[in-house]
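Open the model in a viewer and keep the selection panel at hand. The stops below each give something to select and say what is there.

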Amino acid sequence: MARDHDLSLAESARIRPVLFKLVDSVHLHVVNTDQTQKSTGIPEALQSLDAYYMGNNLPDIVKSIQELSSKKLNIFMEMSGYIVDVVDWVLHHWQGKLTISLDSTIVLDEQLGEAQMACTLMISPYCEDPNTNLVGKLLDGSWHSKPAPGVRIASGGKVGEKWPNPASSWGATARARSGADRSQARTGLYQYKNPLDTEHMRLTKKERNEAHRCAQDIIRSLIELPVEPMALGKWLVLTQVRDSKTKFGSWQNPSILQTDLGQEVVKTRLLYLARRCSSLSSRPGVKSKPMVQHKPSEVVGLYEELGSGLQLVEKRCECGCKGYQDDEESRKRLDGLNSGCLCTVMLVEMVLMIGNAMAEASGAVDVSQHAGEQAVKGMVKVVMNLLGSIATRGQIRWESWLSMTSMFIGGVCMDDVVDTNPRATGPPRAKWQTLFHVIGSMTIAPKWFQLDSPIQPQGSWAVQQLDGVPFGIQADIAAVEVQESTKVRFRGSPTPVVPLPTERLDTSEVTLESMVFSNSGDTFQMGFLVKSNEALRIFNPIDSYIGLIEATVVDCEHDTQTPHPYDAELHIFSDVLQRWNASQHDTEI
């Protein structure tokens, strides 16, 4: 075909812009990388920072961005250090809304193309000074530095938008239904059949009734437990406080307590009897020990109700187990959950009743029986951990409570999911707090988690079952941890002291978005981003909840109508985002 042929000219016209783009991109990002700050319009606030380069890792980052943008998802990038080649690539190739922040202050907020997606790039300056780069001590006493400059990429969406409801092998079994649509893998509360109670190893009616009575006694004492919600370190717990006016049952009263088992109601008791349990309070300084696993042999020795139930059936058991009430070695046989042991069958029956009652106290309307006998070990594990924590520490940790509820609502032991997926990157697991559990197309979340409305402390120690899963989670089963609030250094000048205004001056538009980073396996990390016209910050909603439940409400008694000649430091919402707990400012907002 001749070069001047019409078809040849048409093909050349199509390919020419692509070739020009390729040549320009290679010239800009490969040949002259060190000159990009001067030639590409990078925000002035970034040009004074030390520049770092991803080098050979840049193609992997570009591929991740392109994959997410092809799915029409909003992209969030957390950058430790100013990585110039990544910033430069985004500036030249992103075709939607681009927002860049430095230490939470927005330095660029522009629409770069016609695409509807948005990319938010959050930069935290990286300091090479070893005197300011030390963050902790190793076991040998030496200091370790923070990770090298790098990039984390996440996808997400605006809070309040409907979460996607993906097709899942767990979808029909995990989601609670009613009427004709009810899944066959779900059953009503207290109707879960003990999978170990078979024709070869069956409890009598009297023994089953005793199991329910023992569970009822434990639940009654738990519901009457005087507790206070508080934060011990960074962990959210309910702690037994002897003089508290709040009872655990003030949130939800399980219906098992209304069942007449034909026996006299036993007086409730304090489940935690440490000598100084009344001294536990929400004051600073009360610390929580790491979470530990409690085995059935230990918990049976702590709860006389469980021992009473086992004592009834051990006379009929032919596996050789005797003396559970007094013999620790005999109790240890329970740890193996031997299906040929009648005492094990009795223990599982009591665990099922206790777990169903606790799930009901959490707000469950039915439970999953999807896993059948395979779920027994998980059920025993979560209930023993919860009862053991109450008896040995007087504490109900949020993570233990969420795991127990997820086990019965979703039929999955999330403790096993987390244990078998060690974190590949990031800080040690003890630093993160679990917020959600995702099972199939259902998300189990705390009841207080309503970011579009005020938090109500009353009734908040419960869960809600949400249809759909958070944006960015591509897994049938997932533990979703919450990202810590962003720590920043305040770079601006303090807001001047001005007379207290008589009218509201803040006209900032505030948006709230969520993002999900993949950690390892079935564990994800979720961040929540609040953005105003001038600033943005990642915040931890658990910190907000803890702040509310620990806050002291002060009622002013002075005359509020008489004007006072006071000056005040005026803060608009952007000031709060930029200066909230900033390391170089005196005021904590």
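This is a predicted model. Start with strand 12 (235–240) and helix 13 (398–410): each contributes at least two residues to the lining of the second largest cavity. To show the whole lining, select Trp 235, Leu 236, Arg 397, Trp 398, Glu 399, Gln 433 and Ile 542. By class, this lining is made up of four nonpolar residues, one polar and two charged. The space in the second largest cavity is about 50 Å³. In the model, two cavities of 30 Å³ or more are counted.

Next, select helix 4, residues 58–70. Its 13 residues reach 18 Å from the first C-alpha to the last, close to the 18 Å expected at 1.5 Å a residue. Colour Leu 58, Ile 61, Val 62, Ile 65, Leu 68 and Ser 69, which are the buried residues of helix 4. Now look down the helix axis: the buried residues of helix 4 fall within an arc of 130 degrees, so they line one face of the helix. An α-helix has 3.6 residues a turn, so residues three or four places apart point the same way. Which exposed residues are carried by the face of helix 4 turned away from its buried side? Select Pro 59, Lys 63 and Ser 70 to see them.

Move on to Arg 202, in the loop between strand 10 (186–188) and helix 7 (205–223). Is Arg 202 buried or partly exposed? Its relative accessibility is 42%, so Arg 202 counts as partly exposed.

The next stop is Glu 298, in helix 8 (residues 296–302). Glu 298 has a relative accessible area of 34% and is therefore partly exposed.

Select Cys 317, which is buried because its relative accessible area is 5%, under the 20% cut-off. Then select Cys 341, which also counts as buried, at 3% relative accessibility. How many disulfides does the model have? With a cut-off of 2.5 Å between cysteine sulfur atoms, the count is zero.

Definitions and conventions: Residues are numbered from 1 along each chain as its sequence is written. This is a predicted model: local features need pLDDT of at least 70, side-chain atom pairs count only at pLDDT 80 or more; totals for chains, interfaces and linings use all residues. Side-chain values use heavy atoms; hydrogens and water are left out. Buried means under 20% relative accessible area, exposed over 50%, partly exposed in between (1.4 Å probe, protein chains only). On a 1 Å grid over the protein atoms alone, a cavity is a set of points where a 1.4 Å probe fits but cannot get out, and a pocket is an open set with protein on both sides within 12 Å along at least five of seven lines; lining residues have an atom within 4 Å of a point. Grid points are joined across faces, edges and corners, and a volume is the space filled by probe spheres set on the points. Helices (H or I, at least four residues) and strands (E, at least two) are DSSP runs, numbered from the N terminus. Ala, Val, Leu, Ile, Met, Phe, Trp, Tyr, Cys and Pro count as nonpolar, Asp, Glu, Lys and Arg as charged, and the others, Gly among them, as polar. The expected span of a helix is 1.5 Å times one less than its number of residues. The arc is that of the directions from the helix axis to the C-beta atoms.
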